[in-house]
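Please read the following report with the sequence and the model side by side.

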Amino acid sequence: MTTTTTIAHPFFPYMGGKRKIANWIHSNSPETFRDYYEPFLGGGAIALDVLSREPKGSGRKFYLSDYNPEIVAAWSALKETPELLFSILEGFFAAHCREHFNAVRFWDRNAVLEQKSQAERGARWIYLARTCFGGSLTTDKSGFMKASYAYRHAGHAGHAGHSDPDYANMRAVSELLNAFDVTITQGSYERVLNTAGFGDFIYLDPPYETTADDGHEITSNYVSGGFDHGVLAENMNKMTALGAMVLMSNADTAPVRKLFAGFACVRPDHIWTVNGARRDASEILVSNWRLADRLTKQRALALAA
Ligand SMILES: C[S@@+](CC[C@H](N)C(=O)[O-])C[C@H]1O[C@@H](n2cnc3c(N)ncnc32)[C@H](O)[C@@H]1O
């Protein structure tokens with residue numbers, strides 16, 4: 001198979017996407033590791049970056065997952081049935097207008113969604129993400145999709161127009177997912193990490209920690225029910241004890257610094273975008289490298305053996 005891996009990038013816009021800091025995250029990632037885990041996949045900016053750099057025939061396994069079943073449907077359909085996904089997407093974009101947008105969006109409110117195929121669900125997610133106001137999809141407290149029709153969206157010439165998906169990029173992503181041993185699953189990060197262990201590299205990009213006044217509340221509701229960073233810290237300790245290498249992005253807040261105080265923290269100097277608003281960076285990378293320094297040396301020797 002001929003791959004066009006150099007152009008593979010996220011195929012739907014996503015709040016908190018890490019494409020702009022992929023190089024920086026790469027420079028803070030381990031050079032040698034066993035299998036790769038990314039259990040907060042979202043738009044998958046880092047997963048695609050890691051896969052794009054992967055040498056052919058490495059034999060490494062990639063475990064990509066997310067709690068949101070619609071995101072998983074989009075990734076799985078692109079891996080397994082790309083042409084079917086593209087034909088459904090073409091139909092959606094050909095029919096695009098406010099009424100069509102709302103009809104597709106409301107599949108989750110009248111029990112239609114459960115009857116749809118993986119490709120239909122995946123196409124719905126990509127279509128709504130590319131056409132909704134603000135370019136980001138989340139769910140409300142009841143688990144229903146929050147999105148409103150945008151008169152203009154990325155690439156629009158005007159109200160009546162629309163930007164087609166980048167099918168060349170999606171083909172490149174599909175080829176990349178099939179060029180390696182990639183497993184895509186739906187589930188909580190805790191369940192997915194059950195199989196992770198010694199020598200594995202785990203990149204964590206959870207919903208960011210929020211405090212009342214830190215301005216990050218907009219990123220807190222990817223899924224209904226909120227997110228417990230204390231439990232995440234416990235899991236990071238568990239992964240450290242097992243000898244896995246963990247790198248986590250999070251908001252640079254006092255609670256995060258306290259919860260992850262035993263780990264190494266790096267603060268980037270970059271600007272990031274939330275729903276189109278540029279703001280000064282206030283996030284950090286947390287890793288268990290320093291804690292695991294001694295282990296890392298043993299691990300490198302074990303992997304080289
Ligand atoms: C910050 S976003 C990830 C963004 C991604 N790194 C990117 O570049 O697009 C966080 C993701 O975590 C997922 N998520 C939230 N709670 C989760 C949980 N308990 N287990 C697994 N995934 C979860 C959300 O659905 C969301 O896609």
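This is a predicted model: local features need pLDDT of at least 70, side-chain atom pairs count only at pLDDT 80 or more; totals for chains, interfaces and linings use all residues.

## The ligand and its surroundings

An oxygen atom of the ligand is placed 3.5 Å from a polar backbone atom of alanine 45, which counts as a polar contact, that is, a pair of N or O atoms within 3.5 Å. Taken alone, the ligand exposes 610 Å², of which the protein buries 96%, where accessible areas come from the Shrake-Rupley method with a 1.4 Å probe. A backbone N or O atom of tyrosine 189 lies 3.0 Å from a nitrogen atom of the ligand.

Around the ligand there are 24 residues, and Tyr14, Lys18, Gly43, Asp66 and Asp205 come nearest; a residue is near if one of its heavy atoms lies within 4 Å.

Residues are numbered from 1 along each chain as its sequence is written, and side-chain values use heavy atoms, with hydrogens and water left out.

## The sheet

An open sheet with mixed pairing is formed by 7 strands in the order 5-2-1-6-7-11-8; strands are DSSP runs of at least two E residues, numbered from the N terminus, and two of them pair if DSSP finds at least two bridges between them. Strand 5 (181-186) and strand 8 (264-266) stand at the edges with a single partner strand each, so one side of each is left without a neighbour in the sheet.

Strand 1 (residues 36-38) and strand 2 (residues 61-66) run parallel and are joined by 3 bridges, and tyrosine 36 has phenylalanine 62 in strand 2 as its bridge partner.

Technical notes. A polar contact is a pair of N or O atoms within 3.5 Å; within protein, one must be able to donate a hydrogen and the other to accept it, and residues adjacent in sequence count only if both atoms are side-chain atoms. Helices (H or I, at least four residues) and strands (E, at least two) are DSSP runs, numbered from the N terminus.
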